[in-house]
Amino acid sequence: MKGFFYADSVAVVGVSPSPTNLARAIVFHLVEFDYSGTVYLVGPRGGSFMGHKIYRTVEEIPDSVDLAVLLTPAHTLPEIVASCGRKGIKRFIIESAGFRELGEDRLGLEQEILSLVNKYGMRFIGPNCIGIINKENGLAVPFMPFRNEFNVGRLSIISQSGGVGGALLNALAAEGLGFNKFASIGNKLNTDENDLLEYFLEDEGTGAVFLYLEGISDGRRLMELAFQAKKPILACMANTTEASAHIARSHTASLSSAEEVVQAAFQQCGIQRFVDMRSAMDMIKACHLPAVRGDRLAVVSRSGGHAVVAADAAATYGFQLPPYPEELLHQVESRLRAKVIRLGNPMDLGDLFDFDLFESIVRNTLARDDIDAMLMVYNYNGVFFQDESRMVVGAVKEVCLEMQKPLALCVVTTDEEFRVNRKRHAGFPLFSEPREAAHALAFSRDIHSRKIFTFAEAEEFAVDGNSARQLLGAAVLRGARQLSMMEAFRLLSCYGIAVVPWAAASSSEEAVACARDLGFPVAMKVMVETIVHKSDVGGVLLHLTSEDEVRAAYDHLVNLAKEYGGAGAEPAVLLQQMVAGGIEVIVGGKRDHNFGPLVLFGLGGIYVEVLGDVCLRIAPVARAEAERMVQEIRGYRILQGVRGEPAAHVEAIVETIQRVSQLLMDLPEIQEMDINPLKVFPEGQGCSAVDCRIILSPAQSGR
């Protein structure tokens with residue numbers, strides 16, 4: 001990847017003397033951004049542009065070329081790529097559109113280019129992109145026009161959309177912030193976001209990475225990179241709200257949309273997601289400040305009202321406001337004029353006109369061991385004390401950078417004064433309101449304090465894997481789309497997941513015998529693959545206390561099986577020991593096409609899809625991550641015990657989540673599953689599966 005950004009020579013292919021030629025903008029950028037390497041122009045009509053000869057093909061260039069940028073009609077690209085290969089060019093960028101974004105009939109063109117790339121050992125970015133920029137050496141090749149108004153910063157950007165990426169660059173310029181490298185990846189036919197992210201995470205010039213994606217090439221690789229990252233990764237993931245194309249056959253499938261899977265994956269691996277550009281800019285500004293290492297915040301304001309707003313924002317984002325030392329309060333109070341302000345944290349300095357004291361307050365406060373960050377609101381209108389106020393802004397910035405402790409500076413002033421300060425202190429973030437400053441500090445605190453638990457930390461339990469694989473193999477051989485409940489329970493047992501005592505009966509008298517063995521009262525359930533939610537059709541009968549009730553229940557369930565499963569349906573009925581008490585939860589899983597197996601947990605029972613109180617993780621799930629899952633749902637307080645009820649055995653839930661995670665990792669034949677309900681008993685009494693549904697992958701089942 002480094003070869004794309006540090007090429008010593010660039011050939012721009014597709015240039016012509018025509019004033020409407022888009023490739024000329026690429027040449028303009030190389031000049032505008034002061035590219036330090038050698039530039040060659042290529043176009044079939046020849047001629048010259050900006051003092052450069054236009055060669056008719058890349059093979060006419062007399063010298064070696066490190067990077068080619070191609071902007072020609074799509075149908076011309078295979079021959080141009082072949083000529084680059086013959087020339088020995090190992091890196092190129094295709095900015096041309098006209099590929100799969102226009103339809104599946106363009107896949108042949110893509111395959112032709114990929115074959116040439118493999119033949120010549122090349123790599124490329126694109127197609128359908130606007131190229132790359134490296135602010136360190138001026139290598140800038142977008143056809144979208146930019147002025148070089150950007151500072152060299154520490155943020156590097158990967159954007160699937162050229163338009164969104166360009167908008168972010170303009171926003172950074174408007175904020176006086178810079179960037180280091182930029183890559184628009186378009187259709188990412190050869191080089192994807194993971195390739196570039198891996199490079200940026202090792203790149204010395206990059207301090208943080210911004211991702212804009214409309215599709216993820218390899219979700220698990222993305223997570224693995226993020227697990228190991230020592231730099232903040234910010235991401236906007238679009239195109240996640242469309243519902244799954246298949247009809248859900250389990251609770252888990254209907255409760256886990258693409259949006260929720262992406263959110264869970266990013267949260268699990270520490271990628272900070274945002275939903276709008278304003279939130280993104282708060283995060284980017286935070287990356288330009290020293291890291292926040294705790295939640296103890298000091299607030300200083302020149303406005304009492306803004307001090308109140310800042311205090312509310314601090315509470316919203318979970319900050320504590322320790323008191324200022326009495327010595328400092330007395331020092332400040334002695335400099336106030338009217339002495340009508342009661343000092344505290346936040347500290348209201350609206351009556352202070354000793355401008356040197358502002359720097360002293362900031363320095364003394366940042367030096368305290370019991371303060372992790374500072375938020376300062378500085379109000380002025382530039383009518384009086386304009387120079388002194390500008391001096392305060394500069395002094396506060398210098399103290400922050402000198403002491404390497406985070407300070408979010410909110411400058412509340414006129415548009416003109418704000419622009420002046422932003423231009424004077426380019427590269428240092430300025431905020432316009434306390435809430436966005438508090439948001440930025442909270443982002444920095446969260447990203448630097450959250451412990452990430454990797455896939456490698458997931459515990460593996462001793463299980464009966466051979467029996468599990470034999471059971472699944474038999475189901476696959478008979479073409480089953482899902483396991484029977486008896487098979488599902490046996491599979492759970494293979495993985496050490498407790499199941500409520502059960503038995504199966506194929507006649508009413510056998511049902512009575514099973515009930516005697518299990519002990520009354522019992523529950524009875526119909527077992528037919530076509531019935532998704534048994535309780536909805538009267539397929540679950542509870543609290544049966546006599547043999548006559550069992551016989552009647554059996555007849556009812558057999559008739560139900562024939563009604564929904566057809567006349568040839570096997571009259572299979574399940575009996576279970578009735579279990580008193582306990583809290584119903586759900587533990588489930590499914591196989592995502594991008595991230596692989598995922599695990600779901602939440603409050604269970606018949607209302608699980610109505611309440612939707614669930615959370616997701618990508619498997620395998622480490623123990624600590626499983627604990628977070630339990631604590632994350634709104635119903636966690638119920639599990640802790642309310643109104644005199646005993647606390648549930650949370651440890652048993654955590655272990656069940658881990659075992660389901662391992663089961664899904666071990667058995668790729670399973671497409672979806674849910675244990676619902678899983679009955680959780682009081683502390684020390686464990687949990688047991690009452691019902692389980694396991695759907696096999698269509699590829700495995702042969703359907």
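Modeller: Let's start with Gln404, which sits in the loop between helix H14 (386-403) and E18. Helices (H or I, at least four residues) and strands (E, at least two) are DSSP runs, numbered from the N terminus. The model is predicted: local features need pLDDT of at least 70, side-chain atom pairs count only at pLDDT 80 or more, and totals for chains, interfaces and linings use all residues. Residues are numbered from 1 along each chain as its sequence is written, and side-chain values use heavy atoms, leaving out hydrogens and water.

Biologist: What is the phi of Gln404 near?
Modeller: Near 50°, a positive value in a residue other than glycine. Most residues other than glycine have a negative phi.

Biologist: Is Gln404 buried or exposed?
Modeller: Exposed, with a relative accessible area of 53%. Buried means under 20% relative accessible area, exposed over 50%, and partly exposed in between (1.4 Å probe, protein chains only).

Biologist: And Lys188, where is that?
Modeller: Lys188 is in the loop between strand E11 (178-184) and helix H6 (193-202). Its phi is positive too, about 40°, but Lys188 counts as buried at 13% relative accessibility.

Biologist: New topic: what is the strand order in the open sheet?
Modeller: The five strands run E16-E15-E17-E18-E19, with parallel pairing; two strands pair if DSSP finds at least two bridges between them. Strands E16 (347-348) and E19 (430-431) are at the edges with a single partner strand each, so one side of each has no neighbour in the sheet.

Biologist: How many bridges link E17 and E18?
Modeller: Six. Asn379, for example, has Val412 in E18 as its bridge partner.
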